[in-house]
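Student: Could you take me closely through one part of this model, the packing of its aromatic side chains and what lies around them? I would like the cut-offs stated as you go.

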Amino acid sequence: MRRATARHLRRAAPDMRRPPPLVVLAFIALFAMTAFGMTLPTLAYLAQDFGASDVQVGLLAACYHAMQLLLAPVWGGASDRFGRRPILLLGLVGYAAAFFLSSLAGSLGALFAAQLLAGAIGSATLPGVRASVGDVTTLEKRGRGMGLIGAAIGLGFVLGPGLAFGLIHSRQGDLVGASLVELHRLPFRVASG
């Protein structure tokens with residue numbers, strides 16, 4: 001009897017340590033939006049370093065959201081067809097790649113390309129998260145689940161710029177010129193991680 005109980009507990013133990021799916025989805029949304037929020041404060045600075053006008057800076061910020069607007073429905077359909085996990089992973093890898101490319105950008109065109117990539121592939125993340133919430137919650141608890149994801153997204157947008165400011169401010173000192181530009185690339189590198 002003891003052996004059967006011990007064997008049963010060993011098999012059940014990993015399941016007891018696994019966090020609930022809704023918590024995992026909330027953390028995915030939180031990390032993705034924190035990373036995105038970290039890049040916002042320095043995007044305009046880098047663009048202006050490349051000689052961007054105010055209009056170009058506005059277009060740079062808008063191109064991410066335009067790609068998200070166009071492709072989020074496509075990614076939602078892809079998550080129905082290919083599964084939630086592959087689309088979520090693709091979105092997270094897309095964010096990481098786009099943020100890393102932004103940190104290496106040597107021209108305004110390269111910065112635009114990286115932002116377009118972030119919007120095109122990174123936009124797979126949130127539709128995948130929201131669709132997954134529908135999969136792991138009952139109809140009665142779906143609103144609560146979506147609310148938790150919305151709170152995680154909002155928290156990410158609050159934490160991200162604050163973390164970027166902390167990274168830059170803690171190292172800024174008397175930096176000027178190229179050294180200061182390199183420092184403003186740091187949040188992109190941390191976000192890609």
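Tutor: Phe 36 and Tyr 64 are both buried, where buried means under 20% relative accessible area, exposed means over 50%, and partly exposed covers what falls in between, using a 1.4 Å probe and protein chains only. The model is a predicted one, in which local features need pLDDT of at least 70 and side-chain atom pairs count only at pLDDT 80 or more, while totals for chains, interfaces and linings use all residues. Residues are numbered from 1 along each chain as its sequence is written, and side-chain values use heavy atoms, with hydrogens and water left out.

Five aromatic pairs are found in the structure, a pair being two rings of Phe, Tyr or Trp (for Trp, its six-membered ring) whose centres lie within 6.5 Å, called stacked if the planes are under 30 degrees apart, edge-to-face if over 60, and tilted for the rest. One of these pairs is stacked and joins Phe 36 to Tyr 64, at 4.3 Å centre to centre and with 25° between the planes. This pair links distant parts of the chain, since Phe 36 belongs to helix 2 (residues 21-49) and Tyr 64 to helix 3 (residues 54-82), 28 residues apart; helices here are DSSP runs of H or I with at least four residues, and strands are runs of E with at least two, numbered from the N terminus.

Phe 36 also pairs with Phe 157, this time edge-to-face, at 5.8 Å centre to centre and 85° between the planes. Because Phe 36 sits in helix 2 and Phe 157 in helix 7 (residues 142-172), that pair ties together parts 121 residues apart in sequence. Phe 36 counts as buried because its relative accessible area is 3%, whereas Phe 157, at 33% relative accessibility, counts as partly exposed. Together with Tyr 64, Tyr 95 and Phe 99, these two residues form one aromatic cluster.

Tyr 64 is also among the residues touched by Gln 115, along with Leu 43, Leu 60, Cys 63, Ser 102 and Phe 188, not counting residues up to four places away in sequence; contact means heavy atoms within 4.5 Å. Gln 115 is placed in helix 5 and counts as buried because its relative accessibility is 2%.

Helix 5 (residues 108-122) also holds Ala 120, which is buried at 14% relative accessibility. Neighbours within four places in sequence aside, Ala 120 contacts Met 67, Leu 71 and Trp 75. The C-alpha atoms of Ala 120 and Cys 63 are separated by 9.6 Å, although the two residues are 57 residues apart along the chain.
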